Each structure stands twice: as structure tokens, then as C-alpha cells.
Amino acid sequence: MESIENTVIETDILTNGMSPGFNASIFNALPVAVYTCNNTGVITYYNNAAIHLWGRSPIIGKDRWCGGFKGYTEDGKELSADFCPYGAMLDKEIALPMDTFILERPNGTFVNVQPNPSLLYDTAGRVTGLINVLTDITAKNKEHHISLNDAVNYKSISATLEKTAEESTKNLKASEERYHRMIDEVQEYAILMLDPDGYILNWNKGAQSIKGYTEQEIIGKNFRVFYLDEDRKAYLPEALIRDASSNGRAKHEGWRVRKDGTKFWGAVVITAIYDDSRNIIGFSKVTRDLTERKLADDRMQVYARDIEFRNKQLEEYAYIASHDLQEPLRKIKVFGEMLQDSLNDPETIKHYLDKINASAARMTTLIKDVLKYSQLASTDELFELTHLNVALQHVLEDYDLALEQKKITVHLTDMPVIMGIPIQLHQLFSNLLSNAIKFSRENPVFTISAQAPLEDDIQNHHQLQKGIPFTKIIFKDNGQGFEQQYGDQIFKMFKRLGNTPGTGIGLALCKKIVENHSGFITVDSEPGFGTTFSIFLPLT
Amino acid sequence: MNQRSCFLIDDDEDDREIFAMALKKANADYVCTTAKNGRDALEIVANSDFIPNYVFVDLNMPMVSGRECLTALKKVKRFTDVPIIVYTTSSHSKDIEDTQSLGASHYLVKPTSIAELTRLLTDVFTKKELPFLLSEIN
């Protein structure tokens with residue numbers, strides 16, 4: 001079949017006056033489709049590659065222009081068989097650029113084709129027709145489409161990537177924002193960042209509510225501002241930073257200062273923050289306000305001390321029961337025994353009976369006094385506004401007979417009004433007065449006055465240094481007095497100086513009453529000159 | 001100079017009377033010198049060359065307490081060999097331990113019977129080997 005066609009072509013080319021030396025076999029060897037038309041468009045020659053491209057063999061000398069079965073533009077319009085851009089070339093006798101087109105083969109397959117027509121001239125220079133080279137660009141087109149697709153894909157991938165990156169950044173930002181907000185919103189903890197020198201870099205709501213500063217006020221300040229004066233002077237903040245630097249973290253509990261100057265009990269953890277090369281780039285500082293807990297702890301300690309004190313008192317009572325209360329009982333037994341041995345001597349009998357009676361009486365008094373002491377309570381509901389003038393007047397009335405008998409002069413000056421337990425204050429003054437009467441001498445004068453504590457008093461007694469107003473009640477007599485070195489002993493239970501009358505509980509009772517009123521009592525005495533009791537009581 | 005003596009330091013007048021009675025019953029040969037507190041006792045010791053055979057000292061006394069008195073007497077050279085016996089109503093273990101470490105020879109809790117006190121004093125005067133705590137503590 002090939003050979004027949006070849007023959008035809010050769011013949012025809014020759015017929016149409018192709019230039020001498022034209023060799024059809026050369027054209028057939030080309031891998032591209034080549035064909036020729038005369039100046040009316042009638043196909044005069046085509047090569048094997050053209051047959052392959054078209055999928056058919058046009059009739060030489062009859063078929064015109066394109067040689068294909070059907071043609072379409074790139075955007076899909078069918079090309080008319082009668083219209084051909086090559087015609088324009090022949091008319092105008094110039095080369096024109098040709099659009100690619102889609103060729104439909106008779107078997108229904110499609111080929112993308114790039115035409116390349118050139119005009120043919122005879123030796124006189126007249127246009128005799130054209131030669132067209134058709135290039136199959138289907139594969140290239142596919143590539144182009146692929147690469148286009150790729151580009152589209154790339155674009156979409158890159159858009160996706162961009163979007164992802166954007167979202168990631170957004171998420172990161174949001175996460176950072178959330179984290180920041182989370183820290184910012186924490187109310188219970190002051191969470192802040194310090195630079196390596198302790199300067200504050202950020203601030204949260206907890207910090208504001210615990211320490212009282214706003215963010216604007218505190219950023220850039222050194223965290224020393226939160227510490228008490230004495231702690232700053234002792235370089236506590238610096239010590240904590242040093243501790244955190246060398247050990248990674250530092251913990252501390254102590255009093256701190258708010259913006260308004262009030263104190264809070266802070267529990268602090270300072271943690272060092274490092275960069276990748278393990279250099280400290282700052283510190284995180286978390287502070288919790290544990291004032292409530294601290295106060296509760298302190299209250300617990302007060303209770304514990306109170307319980308300890310009560311235990312000691314119980315021990316004291318046990319000692320009293322085992323010692324002081326047994327003493328008169330022992331004497332009663334011994335004197336009873338001695339009485340039995342001397343039943344025939346009335347004088348000795350009386351002597352021992354007197355001893356027995358005295359011991360029994362002493363025992364009764366002791367038991368009563370111990371009970372009185374143990375019953376001294378100091379609960380809040382017992383306290384009421386007490387006019388000390390009135391209380392003292394009542395006590396003086398109780399003792400008016402004894403005062404008159406001993407011709408005692410009493411000077412009573414204005415007394416303050418305090419919050420107190422009236423019945424106990426009555427007992428206090430009653431004990432002091434009976435004590436003074438007991439040890440009075442000739443021309444007795446008692447002076448009872450009240451004044452503010454003196455500078456000396458404040459320096460000597462820490463209780464007066466807490467800023468609570470106190471009154472100093474002075475109870476002065478010109479009686480026997482005693483050596484000042486026994487000043488502490490006289491307030492102890494059952495302590496009597498020498499063979500003085502009484503149970504030795506009276507002044508212990510006074511001390512306890514004053515302490516129930518959050519005050520304290522002191523004594524100054526000199527033998528032969530008298531005794532002065534000073535009672536310090538808080539005014540509120 | 002065979003007269004033997006006890007030195008009783010006690011602020012309680014009744015107890016001084018009871019002790020004298022028991023001492024008489026235990027051994028008529030002993031005389032008793034008394035001081036009514038620690039301060040008086042130390043004054044007597046300081047102002048004389050008095051060396052008793054036994055010292056009996058109460059603990060709970062005003063002015064100078066029995067402990068202070070015991071401590072001071074242990075420092076007096078001529079009292080080095082004199083047994084000092086604590087004579088008190090206290091049966092507190094702390095008092096017993098403390099006075100033993102301060103150098104007391106014996107600890108006698110004031111008994112509730114004169115016969116018992118007489119017997120204990122007789123033991124002190126006659127027996128060589130006696131425990132530190134002379135009284136039975138319940």
C-alpha cells in the first residue's frame with residue numbers, strides 16, 4: 001500500500017511542476033506531516049506522516065486545504081471545510097501566523113495540530129501554492145495542561161500552605177493570647193515575670209488584686225517594692241533572686257506590703273528561666289496571699305499556747321491538791337495523834353485542839369480560794385463598759401468598817417471607763433485593798449489614781465509598745481512593804497512572804513484578773529515605806 | 001562534847017513543833033537548832049562555827065527556798081560531811097530528783113503520823129545503809 005501511494009505522490013508532484021530534485025522518499029522519511037496545495041487549495045502531495053496524522057488519505061487533486069476529516073478551533077468551534085486561513089495567504093501572497101487547531105480523525109480520535117504553511121513560488125516568482133507542515137502538539141499540549149494543572153495545583157497547594165501557615169500563626173497567636181489571658185485572669189495568684197535584675201516585666205489580675213498596683217504603675221519597677229522595709233534592708237529580695245539563680249527556684253513565706261501600705265502574708269515561688277544556652281533570661285514569680293491561713297495559724301498558736309497555759313494551770317492545781325491542801329490535813333492527823341498521847345493534860349489537849357481547828361480552817365479557806373481562782377473566766381460576753389470609779393467606790397464601801405477602825409485615809413482620783421468584767425475588777429480592787437489593810441501601820445494613807453503610762457513604762461514593757469492605749473492605775477500604800485527582790489514571787493500561788501497571814505492566793509488572783517483583761521500588774525515596794533501596785537489595762 | 005545535834009530549817013511553826021516532838025521520842029540525846037527560813041539558816045551558819053550532825057531542810061519556804069539553801073550549804077566547807085536531808089510535804093518526783101542532784105543525802109516526805117516520823121528519824125540516826133528516798137510514796 002505504501003508503495004502505491006508513493007508512486008502516486010511522485011507522479012502528482014511531478015505533474016504539478018515541483019522543483020527538480022524533489023524526492024518524495026525524503027519527505028516520507030520525515031517524522032512530521034507535510035503536504036502541498038496548488039494556488040486553489042487542491043491538495044497535490046502529502047507524506048506518510050500526514051496520513052498518520054490525519055488518519056486518512058485525502059484524494060490528490062480533489063480534496064482541498066486541510067486534508068483532515070474534521071477540524072475545530074481550540075475553543076471547540078467546527079472549522080468550515082470551505083474556509084481556510086491558507087486561502088488568505090494565497091490571496092495576499094504573504095505568510096500569516098496560524099492558530100493551532102484540533103483535528104478529528106475518522107476513527108473519532110483527536111489531535112492537536114500546529115500548522116506551518118509556507119508559500120511556493122515558480123521560477124518566475126509567482127505563487128504556485130503552499131507547503132504545510134503539520135506538527136502534532138497533542139503530547140506537548142498535554143504537558144502544557146499538566147504543567148498548567150501543576151501550576152494550578154501548586155498555586156492551590158501554596159494557597160493551602162499559606163492558609164495553613166496563616167491559620168497556624170493565627171492559632172499560635174490565639175494560643176499565646178489564650179495563655180496570656182489565662183494567666184491574666186488568674187485571681188488567686190500574682191503571676192509575673194522579672195528580668196534578671198528583678199525588674200517587673202508583666203502583671204496579672206491576681207497580682208493587681210493581691211498587691212494593689214495596676215499594670216501601668218508597676219511595670220518596670222523592681223520587685224523589692226513588695227517587701228517590708230526591714231526585709232529590704234536585710235537584702236531579702238536579692239537573696240531570693242540569688243537562691244533562684246543558683247538552685248533554679250526559691251521559695252519563701254513572709255509579710256509583704258501592698259500598695260496602700262497594708263501587709264499580707266505571701267507565699268512566693270521564684271523560678272529561673274533559661275535560654276537555650278542555659279543563661280538566665282529572667283524569673284517567673286508566683287505569689288499567693290495566705291494571710292487568712294497565716295492568721296488562722298497564728299490563732300491556732302494562740303489557742304495552743306492557751307491550752308498549754310491551761311495545762312500548766314491544771315498541773316499547778318494537781319500540785320496544790322497534792323501539796324498545799326494535804327498540809328493542813330497532815331497536821332490535823334499528826335496533832336490528833338499527839339492529842340491522843342496526852343489525854344491527861346488539859347492544857348496540852350487545848351493546845352493540840354487549837355492546832356487542829358486552825359488547820360481545818362486553813363483548809364476551808366484554801367479550798368474556797370482555789371475554787372475562786374479556777375473559776376476566773378475571760379469570755380468575751382462577760383466584758384462590758386465598767387466605770388472604775390464606781391467599782392472602787394463599791395469596794396471601799398465593803399471595807400468601810402476596817403478602814404474606819406484602822407483610821408485609814410483613802411485618796412481616790414478620777415478613774416477611766418474601760419471594757420471589763422465588773423465582778424472580776426471588784427475582786428481585784430478588793431484583794432489589793434484587803435492586802436493593804438492587812439499590812440498597814442500607823443497613819444495609813446492609801447492613794448488610788450489613774451494616769452497614762454510613763455515613757456519609762458513604755459520602754460520597759462513590750463505590751464505597751466503595740467500602739468494600743470493603756471491606762472495605768474496606781475494603788476499605793478505606806479504600809480510595811482517588802483524587799484523588792486520578792487516582787488515576782490508575791491504573784492505566785494501559795495507564795496507568802498514569811499509568816500504572813502492568808503492563803504497566798506490573793507495576789508495570784510489579782511494577776512490572773514489583770515491578765516484576763518489583757519493587762520499586766522507590777523509592784524514596787526520598800527520595807528518600812530510601803531508598796532505600790534501598778535495595774536496596766538487597755539482602754540479599749 | 002558528845003552532844004549530838006540536828007539543824008532544822010522550816011518556815012512552818014507547827015512542823016517545827018512536830019519535828020521536836022518526834023526527835024525527843026527518837027533519841028533524847030539530840031538537841032535541835034531551828035531556823036524559820038533559808039535566809040536565817042545561812043546567817044546562823046555564817047555567823048558561827050556550828051557543825052550539826054544532820055541538817056533537815058524544808059523546800060517550800062519564802063525568802064531563800066530550800067533548794068537555794070541546800071545549794072548554799074553544800075558549798076560550806078565544814079558541812080562537807082554533814083548529811084543534808086530534805087524534809088518536805090512535796091512528793092513531786094521533780095523535787096526528789098533535783099535535790100538528789102544538788103547533793104542531798106536523803107529525801108523525807110513529812111509523814112501524817114508522829115510515830116512514823118519517829119521511826120524514820122531513828123533509822124537516820126542508827127542505820128548505815130538507807131535509800132535516798134526515805135518515805136514510801138503512794
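User: How many bridges join strand E1 to strand E3 in chain B?

Analyst: Four bridges join E1 (residues 4-9) to E3 (residues 54-57) of chain B, and the two strands run parallel. Strands here are DSSP runs of E with at least two residues, helices are runs of H or I with at least four, and both are numbered from the N terminus. This is a predicted model, where local features need pLDDT of at least 70 and side-chain atom pairs count only at pLDDT 80 or more, while totals for chains, interfaces and linings use all residues. Residues are numbered from 1 along each chain as its sequence is written, and chains are lettered from A and ligands numbered from 1 in the order in which they are written.

User: Which residue is the bridge partner of Cys6(B) in E3(B)?

Analyst: That's Tyr54(B).

User: What order do the strands of the open sheet in chain B have?

Analyst: The order is E2-E1-E3-E4-E5, five strands with parallel pairing. Two strands pair if DSSP finds at least two bridges between them. E2 (30-35) and E5 (106-109) of chain B stand at the edges with a single partner strand each, so one side of each has no neighbour in the sheet.

User: And what about the rest of chain B, how do its elements run?

Analyst: From the N terminus on, they go β-α-β-α-β-α-β-α-β-α. That's five helices and five strands. Of the 138 residues in chain B, 38% count as buried. Buried means 20 or more other C-beta atoms lie within 10 Å of the residue's own, exposed means 12 or fewer, and partly exposed is in between, with C-beta atoms placed from the backbone.

User: Switching to chain A: is Ile200(A) buried or exposed?

Analyst: Ile200(A) is buried, because 21 other C-beta atoms lie within 10 Å. You'll find Ile200(A) in the loop between strand E7 (189-194) and helix H6 (205-211).

User: Which residues is Ile200(A) in contact with, leaving aside neighbours within four places in sequence?

Analyst: Among them are Leu192(A), Leu194(A), Ile218(A) and Phe223(A). Contact means that the C-beta atoms of two residues, placed from the backbone, lie within 7 Å.

User: Okay, why is helix H17 of chain A largely enclosed?

Analyst: Eight of the eleven residues of H17(A) (residues 506-516) are buried, so the rest of the structure largely encloses this helix. The buried ones include Leu507(A), Cys510(A) and Ile513(A).

User: What covers the buried residues of H17(A)?

Analyst: The cover includes helix H12 (346-374), helix H15 (422-438), strand E16 (520-526) and strand E17 (530-538) of chain A.
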